[in-house]
Amino acid sequence: MIHSRGLIFEAKGVVRSRRVASGAAETKRTRMVEVKFSDAKPGEFECYMSIFGNEDEGGDVVAPGAFKGTLAEHKAAGTMPKMLLNHGSQGGMIADPMADLPIGVWRDISEDSKGLYSCGRLISLDTDRGKSIYGAVKEGALDGVSIGYRTSEFTLGARANEPRRTLKAVHLIE
């Protein structure tokens, strides 16, 4: 469990992934089972965006160190991956002109021994959209965080009891 000044998210691991053509963006989702808000700093939270060693429904496992390169690239460029709702227009569920408008900002993203740890803040809490997103997370209707990435290095499992792929390096998009 991660304690924070805002939300508390306990990650249960990757529960969903989306398979795409080679070189295209992929997604992984981590379910959050405990969420608490702080009255002092509404919208702030900490969570694991990915848990190392968990095999997803597609048979992939993210290895420790998989995010180090992309985190170094973002740090050097002074950027962070976008925080989008349902992967923005990449999600493909609904044609929404606001789909690629970020719902928050990441303050920090880093790897630790458990996975990809992040600190962020939901934005525009004074707008209808911001209130809806904040309320949905607070009430548990939005119960996960998901990343979009491109795989740049992986190994294939050779035996039936091994993951289909072990992701060694990925580039975070969102």
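## Fold and chain

Helices (H or I, at least four residues) and strands (E, at least two) are DSSP runs, numbered from the N terminus. In the protein chain, these elements run β-β-β-β-β-α-β-β-α-β-β from the N terminus on. That order holds two helices and nine strands.

This is a predicted model: local features need pLDDT of at least 70, side-chain atom pairs count only at pLDDT 80 or more, and totals for chains, interfaces and linings use all residues. Residues are numbered from 1 along each chain as its sequence is written, and side-chain values use heavy atoms, with hydrogens and water left out.

## Burial, surface and contacts

Buried means under 20% relative accessible area, exposed over 50%, and partly exposed in between (1.4 Å probe, protein chains only). Of the 174 residues in the protein chain, 44% are buried. The accessible surface of the protein chain is about 9,300 Å². Carbon and sulfur atoms hold 52% of that surface. Accessible areas come from the Shrake-Rupley method with a 1.4 Å probe; for residues, only the protein chains shown count as cover.

A contact means heavy atoms within 4.5 Å. Take the contacts in the protein chain between residues at least 6 apart in sequence: 64% of them join residues at least 24 apart.

Strand E7 covers residues 115-122. Seven of its eight residues are buried, so the strand is mostly covered. Two strands pair if DSSP finds at least two bridges between them. E7 pairs with strand E4 (residues 44-51), antiparallel, through seven bridges. E7 also pairs with strand E6 (residues 104-111), in the antiparallel sense and over seven bridges. E6 and E7 form a hairpin, with three residues between them.

Individual bridge partners can be picked out. Cys47 has Ser118 in E7 as its bridge partner. Asp108 stands opposite Cys119 in E7.

## Gly115

Gly115 lies in strand E7. Its relative accessible area is 0%, so Gly115 is buried. Which residues does Gly115 touch, not counting those up to four places away in sequence? They are Tyr48, Ser50, Ile51, Phe52 and Ser110. The C-alpha atom of Gly115 is separated by 8.6 Å from that of Val62. Gly115 and Val62 are 53 residues apart along the chain.

## Cysteines

A disulfide is a pair of cysteine sulfur atoms within 2.5 Å. By this rule, the count is zero disulfides. Cys47 is in no disulfide, and its nearest cysteine sulfur is that of Cys119, 8.4 Å away.

Cys47 has a relative accessible area of 0%, so Cys47 is buried. Cys119 counts as buried because its relative accessibility is 8%.

## Salt bridges

A salt bridge is a side-chain nitrogen of Lys or Arg within 4 Å of a carboxyl oxygen of Asp or Glu. How many salt bridges does the structure hold? There are four.

Asp60, Arg164 and Arg165 are linked in a network of salt bridges. Asp60 bridges to Arg164, with the closest N and O atoms 3.5 Å apart. This pair links distant parts of the chain, 104 residues apart. Asp60 is in strand E5 (residues 60-62), while Arg164 is in the loop between strand E8 (144-156) and strand E9 (165-172). Arg165 also bridges to Asp60, with the closest N and O atoms 2.8 Å apart. This second pair, 105 residues apart, links distant parts of the chain too: Arg165 is in strand E9 and Asp60 in strand E5.

## Exposure of the charged residues

Another salt bridge joins the side chains of Glu162 and Arg159, at 3.6 Å from N to O. Glu162 is at 30% relative accessibility, so Glu162 counts as partly exposed. Arg159 has a relative accessible area of 61%, so Arg159 is exposed.
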